[in-house]
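Here's a quick briefing on the charged side chains in this one. Have a look at the model first, then read on.

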Amino acid sequence: MKRVSDLKTAQDGFQQTHHKPQDFRDRFALGLVKFLRVFADRFFAGRYGHRAVVLETVAAVPGMVGGLLQHLKAIRHIRDDQGWIRELLDEAENERMHLMTFIEIAKPTRFERFIIMMTQAVFYNFYFFLYLFAPRVAHRVVGYLEEEAVISYTQYLEQIDAGQVENVPAPVVARAYWNLPDDARLREVVLVIRADEAIHRDTNHEFADQIAHKSDD
């Protein structure tokens with residue numbers, strides 16, 4: 001699984017970085033993500049637990065779509081996938097566990113569950129065709145989405161530390177998945193999830209760079 005190995009790594013090894021756009025494809029990807037961020041900010045404001053539920057619903061899609069299309073491509077060309085399929089499917093599984101965790105914490109309403117369904121339906125179809133025709137842009141979009149996720153979770157931590165959000169006990173599913181101590185709380189959960197998102201950020205930017213280099217050859 002591509003997830004942070006332990007809580008200490010999540011605290012000490014975390015870095016907040018930004019990939020500077022190199023061309024119009026990167027600028028398109030960044031612009032799209034910034035556009036989507038506007039809606040998230042307006043709808044959820046400072047309710048980061050509820051924002052995380054919808055965010056992780058979207059974030060769990062790209063890895064599964066990318067893994068599927070890379071699988072089909074490897075079969076078509078009768079070649080090795082160079083580890084991309086497993087990496088992407090692990091990412092999808094990891095994001096799904098983020099969602100399962102925050103459903104326990106945020107308890108989404110029926111309306112928010114409806115928003116989740118609609119968001120997933122629209123984003124899945126959009127991302128499928130984006131990856132099919134422009135995989136480099138698709139990976140860059142995810143890289144920038146993960147950059148925004150890191151920012152959101154950092155702001156979430158700031159709210160917890162300021163006492164604006166109750167530092168509730170960590171759900172059982174989170175303690176089991178990340179091997180957290182029995183007395184772990186929300187702050188520790190957000191730390192490890194933020195570290196996961198940083199891993200996905202770097203991985204997808206790296207995949208986009210690899211595709212770009214292949215195009216230049």
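Arginine 187 comes out as partly exposed, because its relative accessibility is 26% (buried means under 20% relative accessible area, exposed over 50%, partly exposed in between, with a 1.4 Å probe and protein chains only). Bear in mind that this is a predicted model: local features need pLDDT of at least 70, side-chain atom pairs count only at pLDDT 80 or more, and totals for chains, interfaces and linings use all residues. Numbering runs from 1 along each chain as its sequence is written, and side-chain values use heavy atoms, with hydrogens and water left out.

**Salt bridges across the chain**

- Arginine 187 pairs up with aspartate 161 in a salt bridge, 2.6 Å from N to O (the cut-off is a side-chain nitrogen of Lys or Arg within 4 Å of a carboxyl oxygen of Asp or Glu).
- That pair ties together distant parts of the chain, 26 residues apart: aspartate 161 sits in helix α6 and arginine 187 in helix α8 (residues 186–216). Helices here are DSSP runs (H or I, at least four residues), numbered from the N terminus.
- Over the whole structure, the search turns up 11 salt bridges.

**Helix α4**

- Helix α4 covers residues 84–106, and its 23 residues reach 33 Å from first C-alpha to last, close to the 33 Å expected at 1.5 Å a residue (the expected span is 1.5 Å times one less than the number of residues).
- Within α4, arginine 86 and aspartate 90 are about one helical turn apart because they lie four residues from each other.
- Their side chains meet in a salt bridge at 3.4 Å, N to O.
- Lysine 107 follows α4 and has a positive phi, near 50°.

**A positive patch**

- Lys73, Arg76, Arg79 and Lys214 gather in a surface patch of positive charge (residues with over 30% relative accessible area and no salt bridge, like charges joined within 9 Å).
- Arginine 76 belongs to helix α3 (residues 48–77), and counts as exposed at 58% relative accessibility.

Technical notes:
Patches are made of residues with over 30% relative accessible area and no salt bridge: like charges are joined within 9 Å, nonpolar side chains (Val, Leu, Ile, Met, Phe, Trp, Tyr) within 5 Å. Accessible areas come from the Shrake-Rupley method with a 1.4 Å probe; for residues, only the protein chains shown count as cover. Lys and Arg count as positive and Asp and Glu as negative; His and the chain ends are not counted. The place of a charge is taken as NZ of Lys, CZ of Arg, CG of Asp or CD of Glu. Helices (H or I, at least four residues) and strands (E, at least two) are DSSP runs, numbered from the N terminus.
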